[in-house]
Structures are given as structure tokens and as C-alpha cells.
Amino acid sequence: MTVFRLGLTGSIGMGKSTTAAFFRDAGMPVWDADECVTRLYANGGAAVLPIGAAFPAAIRQGKVDRTILKQAVTNDPAALPLIEAIVHPLTAQDRTHFAATVTGDIAVFDIPLLFEKGYQSDMDATLLVTAPPALQKSRVMARPGMTEVLFQSLLARQMPDPQKRSMATHILETLALDATRIGVHALVAFIRSGASDA
């Protein structure tokens with residue numbers, strides 16, 4: 001059986017993690033890019049040695065200290081491309097392994113930078129989760145340690161939501177939990193129906 005690959009994405013505060021959880025609850029296997037990076041940065045993770053070679057101060061107790069790494073990115077514009085050059089091939093390898101070993105008819109790939117990095121070409125369809133700007137900002141500003149400056153810097157690194165909308169196969173507004181859950185189940189049914197190749 002060929003597994004249908006659905007790329008899930010959305011800017012910060014748009015409800016992507018919640019939506020991914022609803023797919024899991026519906027029985028879909030989900031590959032999570034952020035969770036993959038957490039594994040790569042943990043003790044014994046494949047990114048620890050190369051990150052340590054580039055940023056020795058970022059290694060604490062055998063693992064990558066993400067706070068220090070974020071500070072390096074803030075202080076040096078050249079740091080982020082270097083980190084991405086190390087981490088992105090490793091996450092791609094992990095994603096490929098997941099795709100090759102997963103079972104079921106639909107697999108979800110939760111990738112924040114899906115469109116920014118062109119990964120949509122690896123998917124059979126994409127789902128963009130979105131919400132009005134005011135709701136997005138209120139969600140993000142409620143996070144611990146979040147500031148207006150940090151929020152704006154995070155937004156600046158992501159493709160604008162209208163541009164993502166123009167690229168997405170499917171769009172789901174995450175205004176309320178129940179409606180989002182219903183939307184997930186409706187999309188799963190739509191994909192399984194084979195309608196318009198989803």
C-alpha cells in the first residue's frame with residue numbers, strides 16, 4: 001500500500017501542534033520536525049558532535065543547549081545558516097526513514113518550514129493551519145518568556161501567511177478546538193475518498 005504523505009505546516013501560534021495531535025488521535029502516524037531536532041540535540045544525538053565543532057559553548061553535559069544556540073543566532077547572522085547546514089540533512093534523513101518504515105494509508109509530516117525550504121515537493125498534499133493575526137499574536141505572547149521583539153523576529157523568519165495560503169493544497173482555520181478536530185477528520189475522509197487525488 002502506498003502511504004499518502006500529508007505535509008502539515010503553519011506559522012508560529014497558528015495551531016499546528018494542536019492539529020498534529022488531532023491527527024495522532026485519529027490514528028495517523030505523525031513525523032514531527034521539532035521532536036526530531038530535540039532527539040538530534042539530546043545525549044548521543046547525531047547533531048551533538050557537529051554542532052559542538054561549530055559552537056563549542058553550546059554543548060552542555062553532552063547535549064546541545066538550545067538557549068545558548070539561540071543566543072549565538074541572535075549575536076551572529078552567519079550562525080543560523082551554519083546550524084541549518086548541519087541539522088537539515090539530518091532531519092531529512094530521519095524523515096526519509098520514517099516515510100520508508102511507516103504503516104497505514106496516511107502519514108502526516110509536521111514541518112514548520114515546509115514551504116520555506118521547498119519540502120512540499122516531497123508531499124502528496126499540504127495542509128496549512130491558520131488563524132487571524134490578532135489570535136495568532138495572543139497565543140504566542142501567552143508563551144513563557146515571549147516578548148514583542150522575539151515574536152516579531154520569529155515572524156520575520158517565516159513566509160507570510162497569505163503566501164502560504166496561495167501554496168497550500170488545503171487550509172484549516174484553527175479558531176476553536178472542536179472545529180479544528182472536525183476539520184481534521186473531514187480532511188482524512190476526503191483523502192481516503194481519493195477525491196481529486198486530494
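This is a predicted model: local features need pLDDT of at least 70, side-chain atom pairs count only at pLDDT 80 or more; totals for chains, interfaces and linings use all residues.
Student: Which residues of H7 make the contact with H6?

Tutor: The axes of the two helices come within 10 Å, and their crossing is right-handed. H6 contributes Gln136, Lys137, Val140 and Met141. On the H7 side, the residues are Glu148, Phe151 and Leu155.

Student: A search of the whole structure finds how many aromatic pairs?

Tutor: Phenylalanine 98 and phenylalanine 109 have ring centres 5.5 Å apart. Both residues are buried. The search finds one pair.

Student: What is the geometry of the rings of phenylalanine 98 and phenylalanine 109?

Tutor: Their planes stand at 85°. Angles over 60 degrees count as edge-to-face. So the pair is edge-to-face.

Student: How far apart in sequence are the parts that this phenylalanine pair ties together?

Tutor: Phenylalanine 98 belongs to helix H5 (residues 79-101). Phenylalanine 109 belongs to strand E5 (residues 106-110). The pair therefore links parts whose separation in sequence is eleven residues.

Student: Is threonine 91 buried or exposed?

Tutor: Threonine 91 is in helix H5. Beyond four places away in sequence, it touches Trp31, Cys36, Val37 and Leu40. Its relative accessibility is 7%, and the cut-off is under 20%, so threonine 91 counts as buried.

Student: At what distance from the ring centre of tyrosine 119 does arginine 95 lie?

Tutor: The charged end of arginine 95 also sits over the ring of tryptophan 31, 5.4 Å from its centre. Over the face of tyrosine 119, the distance of arginine 95 from the ring centre is 4.4 Å.

Definitions and conventions: Residues are numbered from 1 along each chain as its sequence is written. Side-chain values use heavy atoms; hydrogens and water are left out. Rings of Phe, Tyr and Trp (its six-membered ring) pair if their centres lie within 6.5 Å; planes under 30 degrees apart count as stacked, over 60 as edge-to-face and the rest as tilted. Helices (H or I, at least four residues) and strands (E, at least two) are DSSP runs, numbered from the N terminus. Buried means under 20% relative accessible area, exposed over 50%, partly exposed in between (1.4 Å probe, protein chains only). A charge sits over a ring if NZ of Lys or CZ of Arg is within 6 Å of the ring centre and within 35 degrees of the ring normal. Contact means heavy atoms within 4.5 Å. Axes are lines fitted to C-alpha atoms, for helices over the stretch in contact, and angles run from 0 to 180 degrees between N-to-C directions. A crossing is left-handed if the near helix is turned anticlockwise from the far one by less than a right angle, and right-handed if clockwise.
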